[in-house]
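Colleague: I have a model open and some terms to sort out. Can you take me through them?

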Amino acid sequence: MNKVNVGFIGLGNVGSKIANNILKGNFQLLVNDLDKNKSNNLIEYGAQWCTTLEELALKSTIIVTCLPSPKIVNDVLTILIPFLNKKHLWIEMSTTDEKEMIRLSNLCLEKGTESLEAPVTGGQHRAESGNIAVLAAGKRENFDRAFSLLSEIGHEILYCGKLGNASTLKVVTNYLASINLLSLGEVLMVC
């Protein structure tokens, strides 16, 4: 068992698959979601359910959030921050924006907690296979600390430099995917 305790918040379509890959990587996984039923498969294979975010923070050294919107990330961090300290590394995997990521990271730093943003791109099927691309940004030492964990999540890991860069790149990949989808629709109509 890996000695790093990973707290994972957000077991949605992509988050549950990422959490499963972390568990397969022999990390001690602690999970929390608004819907406890989403954790059943993970608990069956060794994850531990945490009833509160306080419990998750107390038992974890790395905390991962994978949530559906910047507002929800803010809501979760508002609850979580009082329980953070210098032992923690917060990894944000949601799709958010540069300014919000930096703002939340600064709030964490006030508690001594370092941050790394690591949004993913490639879809649910690649998340499930552990072959999703991870766009990571933040201090290099935080990236190095998280690398073994990120390696269980994705096959392609791109270090993007300073905090905020990965959020921007993730939004750009979303734009490109949308444009590609629109183009394919137009082509099919012509056919």
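Colleague: Which residues is Gly130 in contact with, leaving aside its neighbours within four places in sequence?

Modeller: They are Asn21, Glu152, Ile153, Gly154 and His155. Contact means heavy atoms within 4.5 Å. This is a predicted model: local features need pLDDT of at least 70, side-chain atom pairs count only at pLDDT 80 or more, and totals for chains, interfaces and linings use all residues. Residues are numbered from 1 along each chain as its sequence is written, and side-chain values use heavy atoms, with hydrogens and water left out.

Colleague: What makes Gly130 count as buried?

Modeller: Its relative accessibility is 15%. Buried means under 20% relative accessible area, exposed over 50%, partly exposed in between (1.4 Å probe, protein chains only). Gly130 therefore counts as buried. Gly130 is found in the loop between α6 (124-129) and β8. Helices (H or I, at least four residues) and strands (E, at least two) are DSSP runs, numbered from the N terminus.

Colleague: Why are α4 and α5 called roughly parallel?

Modeller: Helix α4 (residues 70-80) and helix α5 (residues 98-109) pack at an angle of about 5°. Angles under 35 degrees count as roughly parallel, over 145 as roughly antiparallel, 65 to 115 as roughly perpendicular and the rest as oblique. So α4 and α5 are roughly parallel. Pro70, Val73, Asn74 and Leu77 of α4 meet Glu100, Arg103, Leu104 and Cys108 of α5 in the contact.

Colleague: Which residues have the most contacts inside the largest nonpolar core?

Modeller: Phe8, Ile91 and Ile153, in a core of 31 residues. Such a core is a set of buried Ala, Val, Leu, Ile, Met, Phe, Trp, Tyr and Cys residues joined through side-chain atoms within 4.5 Å. Its largest share, five residues, comes from α7.

How values were computed: Axes fitted to C-alpha atoms, helices over the stretch in contact; angles between N-to-C directions.
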